Amino acid sequence: MSKAPRNTAQRDRDRDRIRRTAAACGICGEPIDYALKWPEKRCFVVDHVVPLHRGGLDVIGNKQAAHNECNSAKRARIVAPIVRRSGSLA
Ligand SMILES: [Zn+2]
């Protein structure tokens, strides 16, 4: 068995950083209940602003907090429109 090298330590650090900001969902703009546990629909997940398969980078600058269900809905879209960024710093 071989495992592809994945930088999970960095991912965990980024996740914690985003969690500590207690940011609202970057997709719908509503608050996130950070006490909810995955796979609750409204739990916190890390969303890639520009999806990885569209050339986005796996770095903190391309990550934002999102609801699990919002992230799923975004991924389900075939053609993702430019993500609204206005809500993230409001
Ligand atoms: Zn949301």
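Reader: Why is α1 called hardly covered?
Author: A residue is buried if 20 or more other C-beta atoms lie within 10 Å of its own, exposed if 12 or fewer, and partly exposed in between, with C-beta atoms placed from the backbone. Among the 14 residues of α1, one is buried, so the helix counts as hardly covered. This is a predicted model, where local features need pLDDT of at least 70 and side-chain atom pairs count only at pLDDT 80 or more, while totals for chains, interfaces and linings use all residues. Numbering starts from 1 along each chain as its sequence is written.

Reader: What makes residues 8-21 a helix, and how does its reach compare with the expected span?
Author: Helices are DSSP runs of H or I with at least four residues, and strands are E runs of at least two, numbered from the N terminus. Helix α1 has 14 residues, so the run qualifies. The expected span is 1.5 Å times one less than the number of residues; α1 reaches 20 Å from first C-alpha to last, close to the 20 Å expected.

Reader: How do you know that β1 and β2 pair, and in which sense?
Author: Pairing requires at least two bridges found by DSSP. Strands β1 (residues 44-48) and β2 share five, so they pair, in the antiparallel sense. H48 stands opposite K63 in β2.
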